[in-house]
Amino acid sequence: MLLRGMEENEKDILRNFLYEAIFIPEGVKPPDRTTITQDEFDQKLMNILKMDTWIIDGNYGRTIEMRLKYCDTVFLLDYPLEVCLAGAKARVGKKREEIPWVEEELDEEFRQWIIDFPEKKLLRIYELLEQYGEGKDFDYWIADLYFPWEDIPEGCETRVIPGSAWAQFPCTIKTLQDTNTKIWSEWLPALQGYSLAGEYDIEVYLPPEEGSDDMKVYIWIPLKKD
């Protein structure tokens, strides 16, 4: 899945638009499984890539490099082969949004494509991710309280975060993404007299309160006085 500046609640809307643009071209009856030409596909795809925000779900191997040039985030779901095959079988007989027909059986050619994917396709995808992801990686740490006189558990590392002023933003797990977006796109650009004190932030997750299923979250942003 490749994304560019999208909110989570916009995913289904844009994904449906993409599937319609690719699989249901004007003048073609959906049930006959007719596809559009590569030129038409590429033009419709480019129109989407030029948008400020979008999400594209699926690998579409021929055009993945084109999409990697424009996206800012990639989620690669590298599931085990048996999981992929089971998922494909589970879709048989079910109506799906991305194709305008119901599959009555698992196509043998598609089954073989899934089996061959790790060796014939996946390695190339990893190569492209490394090529286009250079300088875009970030570390996400799950942290706990640590005392310097204790041994560091195997497989763990420590990081020292210097003291500073902090801006604290309360939210919940359901509003976390929206709050983060507003912090970085609205609050920080308008901030006067202070600037970021480091290239990191901290998210604190607290257990849900009694009678609630929504986890409380605090986002801490390090600041320094200009």
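Predicted model: local features only at pLDDT ≥ 70, side-chain atom pairs only at ≥ 80, totals over all residues.
Colleague: Is the crossing of H4 and H5 left-handed or right-handed?
Modeller: Numbering starts from 1 along each chain as its sequence is written, and side-chain values use heavy atoms, leaving out hydrogens and water. A near helix turned from the far one by less than a right angle gives a left-handed crossing if anticlockwise, a right-handed one if clockwise. The crossing of H4 and H5 is right-handed.

Colleague: At what angle do the axes of H4 and H5 cross?
Modeller: Helices are DSSP runs (H or I, at least four residues; strands are E, at least two), numbered from the N terminus. Axes are lines fitted to C-alpha atoms over the stretch in contact, with angles from 0 to 180 degrees between N-to-C directions. H4 (residues 81-90) and H5 (residues 108-132) have axes that come within 10 Å and cross at roughly 160°.

Colleague: Which residues of H5 do Leu81, Cys84, Leu85 and Ala88 in H4 meet?
Modeller: Contact means heavy atoms within 4.5 Å. The H4 residues meet Phe110, Arg111, Ile114 and Ile115.

Colleague: How far apart are the closest N and O atoms of Asp42 and Arg62?
Modeller: The two form a salt bridge, defined as a side-chain nitrogen of Lys or Arg within 4 Å of a carboxyl oxygen of Asp or Glu. Their closest N and O atoms lie at 2.7 Å.

Colleague: In which element is confidence lowest?
Modeller: The chain averages a pLDDT of 77. Strand S4 (residues 165-172) is highest, at 91. With a mean of 45, the lowest is helix H1.

Methods
pLDDT = per-residue confidence, 0-100.
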